[in-house]
Amino acid sequence: MTATRQRPLRPLSSATDLTDLTDFTHSTLEADSDPQSDDVADFESETASLTPSIWDYVHSHGRTYHRYMAGAYPFPNDAMENERLDMQHAIIKALFAQHNYFAPLKRPKRVLDIGCGTGKWCLEMAKEFPKTRVEGIDLSPIQPDITPANVDFFIDDIRRKEWWHCTQPYDYVHTRMSLGIFEDFREIIQKGYNNLEPGGYMESHEIYSKLYCDDGTMSADWELLEWTRLQDKAAMALGKPLRIANKLKTWYEQAGFVDVKEEVFAIPVNNWPRDSKFKLLGKFMFWNLNQGVHAWTVEYFTKALQWTDAEVEVYLAHLRNAIGDRSVHAYYKVWIVYGRKPFPSEPSSQTPRPSHWPKEPTSDDEGDDDDQY
């Protein structure tokens with residue numbers, strides 16, 4: 001099932017140009033001695049045909065959600081969330097010193113972005129590699145309809161059994177922010193491996209949902225820390241684990257990748273750092289968290305913890321206040337992992353797969369592509 005979304009592309013504000021923010025990537029973030037110095041509150045499927053119902057979104061909790069494979073992705077797809085996704089792309093790119101990838105790409109012929117969202121990453125890759133065919137797949141048709149000739153967006157579900165082996169392999173497969181979406185992200189990694197040309201790369205960028213603090217300013221009962229625990233509990237109850245970032249390197253090696261590289265970045269939850277660049281990065285992260293917590297909470301808490309929508313709203317009002325507390329010097333970690341599919345003539349990965357590794361379904365074990373949690 002294939003389609004592009006009929007909506008114009010809106011450029012991000014120049015205020016999100018945070019070039020060269022990684023000067024302190026591997027340094028300890030230092031808190032600002034004047035917590036009042038800045039105010040953070042200032043702010044195809046081959047077998048089916050696409051029908052108009054794909055844009056008839058599911059309405060729930062005052063938000064809209066994708067109709068195709070409804071329930072597979074637990075987060076909304078409305079204008080507020082799309083704006084946040086665009087800002088998230090700008091934040092992550094700034095954290096990575098304006099890099100969209102870290103694998104040593106040369107002249108890839110075909111690139112795949114799994115869960116492409118609004119399509120920002122695909123469009124930028126297509127501009128950098130004008131001779132490369134860039135494809136993005138997503139469950140929501142929220143991508144622009146006006147695109148470069150070398151970009152295609154498809155409404156498709158990577159969980160489909162057909163994705164174990166596609167007819168035209170890729171040279172590079174990319175994923176970003178896939179936490180809390182899949183029952184077993186190892187399956188996505190294995191499908192990426194299977195669909196790469198020998199010598200091709202797969203790369204994942206993931207935030208780890210655990211909060212870190214190096215100076216003891218984060219108390220055990222801090223509201224944001226409590227929320228991360230509740231969110232993790234709810235995600236596990238729904239079979240959609242959040243904490244996958246720190247496991248990616250091992251999973252890549254188990255899938256068969258060689259030359260697997262891992263890098264970890266720190267990103268503050270608000271503008272508590274002293275360094276001006278990380279202060280600005282934290283300011284935009286604060287906005288991103290405030291904009292996103294409803295999306296990341298309401299489905300999880302109402303379905304897994306049996307909260308009401310009203311209870312969620314009251315809880316989030318207190319949570320947003322906590323996110324802006326600059327006396328707590330908390331930060332998240334973001335993982336970058338990439339690996340290469342070996343050529344037939346070279347040794348394969350020596351990391352054995354565990355017995356419970358995801359396997360390609362057989363005719364007697366296909367499952368239901370329409371599974372919902």
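Buried here means under 20% relative accessible area, exposed over 50%, and partly exposed in between (1.4 Å probe, protein chains only). The model is predicted, so local features need pLDDT of at least 70 and side-chain atom pairs count only at pLDDT 80 or more, while totals for chains, interfaces and linings use all residues. Residues are numbered from 1 along each chain as its sequence is written, and side-chain values use heavy atoms, leaving out hydrogens and water.

**View 1. Asn270 sits in the loop between strand S8 (258–268) and H6.** Helices (H or I, at least four residues) and strands (E, at least two) are DSSP runs, numbered from the N terminus. With 0% relative accessibility, Asn270 counts as buried. Its neighbours in contact (heavy atoms within 4.5 Å) include Gly282, Phe286 and Arg326, not counting residues up to four places away in sequence. Look also for the backbone oxygen of Ile323, 2.7 Å from a polar atom of the Asn270 side chain.

**View 2. Asp275 caps the N-terminal end of H6.** Here a side-chain oxygen of Asp275 lies 3.1 Å from the backbone nitrogen of Lys277.

**View 3. Helix H6 covers residues 276–304.** Its 29 residues should span 42 Å at 1.5 Å a residue, and the end C-alpha atoms are 40 Å apart, which agrees; the expected span is 1.5 Å times one less than the number of residues. Because 25 of the 29 residues are buried, H6 is largely enclosed by the rest of the structure.

**View 4. H6 has a kink of about 40°, centred on Gly292.** The bend is the angle between axes fitted to the seven residues ending at a residue and the seven starting there. Just after H6, Gln306 takes a positive phi of about 60°.

Conventions:
A polar contact is a pair of N or O atoms within 3.5 Å; within protein, one must be able to donate a hydrogen and the other to accept it, and residues adjacent in sequence count only if both atoms are side-chain atoms.
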